[in-house]
Amino acid sequence: MITLTEDLRIGKGVEKIAYFHPSDPNICVKIIYSKAKEAAKVIARELQMSTKIQESHPEVKGLSLFYGTEETNFGLGYKYELIRDYDGVMSQTLEEYLESFDAADENELAKLKDALETLRERMLDFGIIPMAMYPRNIMVRKLSPDDFELVIIDDIGSAVLIPLEYYFKLVADKRIKRHFKRMIEFLKGMRTEQEYVDFFDAYVKELK
C-alpha cells in the first residue's frame, strides 16, 4: 500500500487529486475524490484510452504513461508518469509557460510552433484522442536548456457510447484535428500582445 500525505499533494482538479509518489520521483498518484458518477466514467475512459495506446504503441510520445493501480490510504491510486525536465525539476504546464512567454522573440515563437506541430503529429500517429484540450493539462517538458516537448497528462478518451474513433483512423484524425484547432484558438485568447495574437492567427489558418 502507498501511504500518501497532504505535503505530497501536487494539485486538485474537478474529479481527482494528484500526489507525488512517496518513493518514486518519476510517478504521480491520482486519487478520485469526487463522488459523482461522472468521475468514475472519466477515469474509465482515460484508462481505456491509455491502455489501448500503450499496448498498440509502446514507443508512444506526447502522453503521460499509465503505470497501473495500487491501493493507498486515500483509496485506489492511479499511477502515472510524472513529467519532469532534463534537470529533474517538475515541468511547467503549457498555461504557466505561456504566462511568461516572450511573444516578441521570433526564436521562441518558432520553438513553440515546432513543439505544437510535434504534439499534433504524435496525437495523429499514436491515436491520442482528447476529450478536451486545455493548456493546464499539457506539460512543457524541457529536454535541454533550449529545447522542449509537449506532453498531455489528462482529459483523453471518448465520451460517446460507441466510440467509432477507437476503430476508424479517419474518425479519430478528424476529432484530434478539431480539438487541437480549438485549443490553438483558446491559446490565442490568453494574451493580448499583437505579436502573440498574430502568431496564433497565422497558425490557425495553417491548420486543416
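In this predicted model, helix H3 touches helix H5 through Leu109, Leu112, Lys113, Leu116 and Glu117, which meet Phe199, Phe200, Tyr203 and Glu206 of H5. By class, this contact of H3 with H5 has six nonpolar residues, three charged ones and no polar ones. The axes of H3 and H5 lie 12 Å apart, at an angle of about 30°, and their crossing is right-handed.

H5 also packs against H4. The H4 side of that contact consists of Phe180, Lys181, Ile184, Glu185, Leu187 and Lys188, and the H5 side of Tyr196, Val197, Phe200, Asp201, Tyr203 and Val204. Eight of the residues in the contact of H4 with H5 are nonpolar and four are charged, with no polar residue. H4 and H5, the latter spanning residues 194-206, pack at about 165° with axes 9 Å apart. An angle over 145 degrees counts as roughly antiparallel, so H4 is roughly antiparallel to H5. The crossing of H4 and H5 is left-handed.

The remaining pair to describe is H3 with H4. Their axes come within 9 Å and cross at roughly 155°, and H3 and H4 are therefore roughly antiparallel to each other. The crossing of H3 and H4 is right-handed. H3 contributes Leu116, Arg120, Met123 and Leu124 to the contact, while H4 contributes Lys169, Asp173, Ile176, Lys177, Phe180, Met183, Ile184 and Leu187. In the contact of H3 with H4, eight residues are nonpolar, four are charged and none is polar.

The spaces in the model come next, with their volumes and the classes of their lining residues.

| Space | Volume | Lining by class |
|---|---|---|
| Largest pocket | about 750 Å³ | 14 nonpolar, six polar, eleven charged |
| Second largest pocket | about 200 Å³ | eight nonpolar, three polar, five charged |
| Largest cavity | about 60 Å³ | five nonpolar, two polar, three charged |

The largest pocket is lined by 31 residues, and those nearest its centre are Ala18, Arg136, Asn137, Ile153 and Asp154. At least two lining residues of the largest pocket come from each of strands S1 (9-12), S2 (16-20), S3 (27-32) and S5 (75-81), and from each of helices H1 (37-56) and H2 (94-99).

The second largest pocket has a volume of about 200 Å³. It is lined by 16 residues, with Lys52, Phe126, Gly127, Glu165 and Ala172 closest to its centre. Two or more of the lining residues come from each of H1, H3 (106-126) and H4 (169-188).

How many cavities of 30 Å³ or more does the model have? The count comes to one. The residues that line this cavity are Lys30, Glu46, Ser50, Leu63, Ser64, Tyr80, Ile152, Ile153, Asp154 and Ile156. Of these, Ile153 and Asp154 are also among the residues nearest the centre of the largest pocket.

Note on methods. Residues are numbered from 1 along each chain as its sequence is written. This is a predicted model: local features need pLDDT of at least 70, side-chain atom pairs count only at pLDDT 80 or more; totals for chains, interfaces and linings use all residues. Side-chain values use heavy atoms; hydrogens and water are left out. On a 1 Å grid over the protein atoms alone, a cavity is a set of points where a 1.4 Å probe fits but cannot get out, and a pocket is an open set with protein on both sides within 12 Å along at least five of seven lines; lining residues have an atom within 4 Å of a point. Grid points are joined across faces, edges and corners, and a volume is the space filled by probe spheres set on the points. Ala, Val, Leu, Ile, Met, Phe, Trp, Tyr, Cys and Pro count as nonpolar, Asp, Glu, Lys and Arg as charged, and the others, Gly among them, as polar. Helices (H or I, at least four residues) and strands (E, at least two) are DSSP runs, numbered from the N terminus. Axes are lines fitted to C-alpha atoms, for helices over the stretch in contact, and angles run from 0 to 180 degrees between N-to-C directions. Angles under 35 degrees count as roughly parallel, over 145 as roughly antiparallel, 65 to 115 as roughly perpendicular and the rest as oblique. A crossing is left-handed if the near helix is turned anticlockwise from the far one by less than a right angle, and right-handed if clockwise. Contact means heavy atoms within 4.5 Å.
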